[in-house]
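Please open the model in your viewer and keep the selection panel at hand. This tour moves from one selection to the next and says what is there each time.

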Amino acid sequence: MKFAPTVPPHIRPATSVTRVMGEVLLALVPATLAWVWYFGPGILYNMAVAAAVALACEAGAIALRRRPVVPQLLDLSALVTAVLLAFCLPPLTPWWITATGAAFAILFAKQLYGGLGYNPFNPAMAGYVVLLISFPEPMTRWLPPLGDALGLASASLDPWQSLRFTLTGLLPEGMSWDAISGATPLDDLRTQLSVARTVEEVRAGILYGSLGAHGWEWTSNWIALGGLYLLWRKIIRWQIPAAVILGVCIPATFFWLVDPGTHPPPTFHLFSGATLLCAFFIATDPVSAATSRSGRLVYGFGIGLLIFVIRGWGGYPDGVAFAVLLMNMAVPAIDHFTRPRTYGHAG
Amino acid sequence: MAEASEPDGNRIHQGSGTKVSQPRLWHFHGGLKLDARTARAAAEPLATVPVPPRLILPLTQHVGQPAEAIVAVGERVLKGQPIARPSGYIAAKVHATSSGTIVAITDHPVPHPSGLSAPCIVIETDGQDERWDGYEPLPHYGELSANELRARVRAAGVVGLGGAAFPTAVKLGAGSGMKLLILNGAECEPYICCDEVLLRERAGEVVTGAQVLMRALEIFRCCVAIEEDKVLARRALEKVIESAGESRIEVISVPAIYPEGGERQLIKVLTGEEVPARGVPPDIGYLCQNVGTAAAVARAVLYGEPLVSRIVTVTGDGVARPRNLEVRLGTPIAALVEACGGYTDQAAHLLMGGAMMGFPLPDDSLPVIKGTNCIVVASREEIRPRTPSMPCIRCGECAEVCPAQLLPQQLYWHARSGELDQLEEYHLFDCIECGSCDVACPSQLPLTQYFRYAKTELWSRDRDRARADVARDRFEARRGRLEAEQEVRRRRLEEKTRAAERARGDEGARKAMIDEALERVQARRDQDGRDGTDSER
């Protein structure tokens with residue numbers, strides 16, 4: 001009797017790139033819902049625009065490169081990039097801004113380098129930084145949590161009006177940005193500290209909650225929960241999240257202990273801005289991260305440290321995107337110096 | 001590794017006495033928890049396969065030089081009679097595995113990953129299974145020297161039965177001063193359960209084998225590693241050890257993680273020590289033998305019985321009744337499947353070995369050889385086709401599971417771009433090809449395949465380099481020789497010119513020189529004349 005050939009090993013992987021990316025998307029569902037609860041449906045519109053543009057650009061680039069389009073779109077990596085980009089954008093962002101960011105992320109930061117697996121920089125962060133530099137004003141126009149319910153703004157948009165804004169960039173008749181917008185807690189703290197108020201005074205404001213600020217602290221909680229889910233499913237490993245968190249918390253704790261008047265506590269750093277999103281979802285992008293265990297610790301810690309430094313002394317209220325891109329650059333060096341010792345070889 | 005290296009070897013055997021204790025174990029890096037797939041085959045008792053009409057015995061069933069046939073076509077041989085002798089130090093004898101007539105010594109397809117044919121001795125059996133008793137049983141082996149025992153093991157053609165088939169006598173020549181004999185009963189690869197069945201049914205042979213091996217190595221400690229889920233095997237072994245009052249042998253349960261049965265991994269788990277990269281276990285005082293090898297040694301010494309049969313697991317959804325069989329070497333695989341109730345209609349793939357490292361066989365006419373521990377007849381469900389691979393996303397899961405602590409994603413990268421120096425730099429040759437990285441890879445990359453390919457590329461590069469080195473050396477030697485000759489010629493000419501110049505001023509000397517030259521011419525003429533007559537004659 002004759003038999004068909006096969007090549008060892010004969011056991012097939014239980015996992016796939018599609019499953020990895022799908023689990024990441026799934027883990028972001030609770031945080032998305034929390035986001036909608038606090039800041040309105042804007043993020044959903046941004047996600048839709050970003051996803052459509054990202055998939056179209058990905059398909060176009062793959063077709064130009066004469067590769068099979070459908071299997072590569074099904075890996076869902078473009079979708080993950082789009083969703084992470086949408087998480088960084090203000091709830092009210094006109095579609096062309098989102099589209100520019102998504103197109104840059106996919107075409108320049110990913111496909112020009114060779115597509116999935118070859119991009120040295122995190123595509124979502126590259127796209128976001130381009131937007132931050134090109135559209136500084138719209139990128140910092142945030143909505144206050146829960147609209148006008150907390151009294152942080154005098155008016156808010158209904159879902160229909162937000163959609164119209166996304167599509168046209170126009171606010172409804174008679175409504176102004178001053179009436180509906182509010183600063184992010186990191187932005188607010190920064191401004192207030194610059195007029196010589198203390199952290200304690202600032203945090204007594206209604207914007208702030210027990211850990212960070214209303215809205216942000218709860219979306220951060222759900223993001224952390226999604227991150228724990230990814231850890232449990234072994235989609236990510238603990239080294240990068242832990243190192244990012246430590247990288248932020250160690251210097252934050254030090255400065256807070258030295259001078260609590262001008263430095264917020266470490267919990268504030270963790271639960272405001274994109275720290276936890278970065279720790280669990282952005283810095284853990286395997287393609288652009290360091291690969292060995294110790295390398296991941298160095299990489300994550302570097303990102304955390306840079307986040308703290310940029311927040312404290314840089315020109316932008318949050319430093320996640322810059323921190324990630326800077327550490328992306330350091331990855332080849334980190335990988336070089338953190339090679340694990342092979343069995344039977346001296347250390 | 002430094003932190004745990006010293007005390008371990010001693011610590012394992014701290015507790016003397018028959019009671020088996022469970023010492024602290026170490027971990028090897030990575031590995032996989034795999035579904036054992038042994039339940040059906042292991043549940044059946046051991047059976048034997050009847051003598052087949054034809055036995056095909058390859059001359060190379062071991063690691064090392066091929067054996068040389070010492071019988072001729074037409075000769076009648078008995079079961080256990082030597083039919084091929086080792087041609088070098090690292091080699092093993094081959095014995096007839098039943099009585100019959102040698103009908104051919106010729107090339108025949110052999111079970112090997114290459115799928116090539118190799119020289120085999122073919123015996124047509126007479127069904128009488130008549131025994132040759134050229135080896136005297138040595139029941140009082142305790143009175144024999146290590147060398148005498150080793151000679152018997154070599155004469156009996158015993159090789160490692162765990163799959164690698166390294167000649168056992170060579171391993172036993174590792175020298176004295178070993179700390180510990182490790183008997184490897186940790187078959188961690190899915191489907192394989194021949195060692196489990198051996199331990200369950202013939203624990204006595206394994207224990208005797210351990211005693212003989214300890215005697216041959218002049219050491220006084222042995223531990224038998226068994227995976228923790230093989231309770232019956234462990235119990236059977238403990239019972240024998242207890243009733244023999246043997247205090248030097250200890251049974252240790254090890255966690256069932258693939259590839260724990262790898263010698264290097266097992267040593268790490270038991271002792272916390274690592275075998276040096278280019279070294280062997282005896283370098284750090286350990287000697288590893290498969291439990292089946294120990295049983296074969298026991299039979300060779302106690303009963304004078306050479307290695308003519310072994311236990312083979314025959315399993316998979318493609319056979320009707322998976323089980324373990326005692327099989328004469330040289331028996332075609334088809335006869336094994338027959339003894340298991342034949343094929344089911346799901347039979348699609350045939351493997352020799354387990355689900356991770358086993359290699360495919362093209363057909364079932366190939367014979368069982370010394371290293372055959374398992375035959376898998378797999379369905380298309382059990383071995384699914386590979387899905388098209390995606391680009392590497394550098395997730396590093398391969399590095400997480402690699403038992404050699406390599407960076408497979410980095411090796412893959414360099415293998416793809418043909419950067420051979422980098423491959424060596426990243427320790428490609430420490431890859432044991434266990435296949436764990438393939439199973440962990442979300443991009444479904446055939447990593448192990450790449451590494452096998454890259455290794456052959458490196459070998460061929462090294463061969464080319466060696467050849468180029470030889471050619472260059474020869475070229476340089478030739479040039480040096482030519483230059484030296486030229487130099488000598490130049491000097492001689494110079495000297496002649498100088499002499500001629502000196503002579504020009506001195507008439508007497510000039511005449512002397514002319515006479516000398518004439519004499520030389522005359523002498524040559526005489527010489528030529530003699531040579532001429534010589535040749536005429």
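In which loop of chain B does Ala165(B) lie? Select that residue, and you will find Ala165(B) in the loop between α3 (146–155) and α4 (168–172) of chain B, where helices (H or I, at least four residues) and strands (E, at least two) are DSSP runs, numbered from the N terminus. Before going further, note that this is a predicted model, in which local features need pLDDT of at least 70 and side-chain atom pairs count only at pLDDT 80 or more, while totals for chains, interfaces and linings use all residues. Residues are numbered from 1 along each chain as its sequence is written, and chains are lettered from A and ligands numbered from 1 in the order in which they are written.

Most residues other than glycine have a negative phi, and most peptide bonds are trans. Ala165(B) counts as buried because it has 21 C-beta neighbours inside 10 Å; a residue is buried if 20 or more other C-beta atoms lie within 10 Å of its own, exposed if 12 or fewer, and partly exposed in between, with C-beta atoms placed from the backbone.

Now select Lys234(A), which is not a glycine and yet has a positive phi of about 60°, in the loop between α13 (216–232) and α14 (239–258) of chain A. Lys234(A) has 13 C-beta neighbours inside 10 Å, and therefore counts as partly exposed.

Two cis peptide bonds can be visited next. One joins Pro8(A) and Pro9(A), with omega about -5°, and Pro9(A) lies in the segment before α1 (17–27) of chain A. Another runs from Tyr258(B) to Pro259(B), with omega near -5°, and Pro259(B) has its place in the loop between β11 (249–254) and α8 (263–271) of chain B.

**An enclosed helix**

Select residues 291–302 of chain B, which form helix α9. This helix has 12 residues and reaches 16 Å from its first C-alpha to its last, close to the 16 Å expected at 1.5 Å a residue, the expected span being 1.5 Å times one less than the number of residues. Because 11 of its 12 residues are buried, α9(B) is largely enclosed by the rest of the structure; among the buried residues are Val291(B), Gly292(B), Arg299(B) and Val301(B). Just after α9(B), look at Gly304(B), which takes a positive phi of about 65°.

**A sheet of six strands**

Colour the strands of chain B and follow the order β1-β14-β13-β17-β15-β16, an open sheet of six strands with mixed pairing; two strands pair if DSSP finds at least two bridges between them. The edge strands are β1 (47–48) and β16 of chain B, each of which pairs on one side only. Inside this order, strand β13 (residues 309–315) and strand β14 (residues 323–328) of chain B run antiparallel and are joined by six bridges, and Ser309(B) has Arg328(B) as its bridge partner in β14(B).

Elsewhere in chain B, β7(B) and strand β8 (residues 117–125) pair in the antiparallel sense over nine bridges, with Ile123(B) in β8(B) as the bridge partner of Ile102(B).

**The nonpolar core**

Select Ile182(B) and Leu336(B), the residues with the most contacts inside the largest nonpolar core, which has 251 residues. Such a core is a set of buried Ala, Val, Leu, Ile, Met, Phe, Trp, Tyr and Cys residues joined through C-beta atoms within 7 Å. Helix α5 (residues 77–88) of chain A gives the most to this core, with 10 residues. Leu336(B) touches several residues, including Val49(B), Val312(B), Leu325(B) and Ile375(B), not counting residues up to four places away in sequence; two residues are in contact if their C-beta atoms, placed from the backbone, lie within 7 Å.

**Where the chains meet**

How many residues does each chain bring to the contact? Chain B brings 53 residues and chain A 35 residues. On the side of chain B that touches chain A, β15 (349–352), β16 (359–360), α14 (436–440) and α15 (447–504) of chain B each supply at least two residues.

Finish at Tyr118(A), in the loop between α6 (95–110) and α7 (123–134) of chain A, which touches Tyr113(A) and Pro391(B), not counting residues up to four places away in sequence. Tyr118(A) is partly exposed, with 15 other C-beta atoms within 10 Å.
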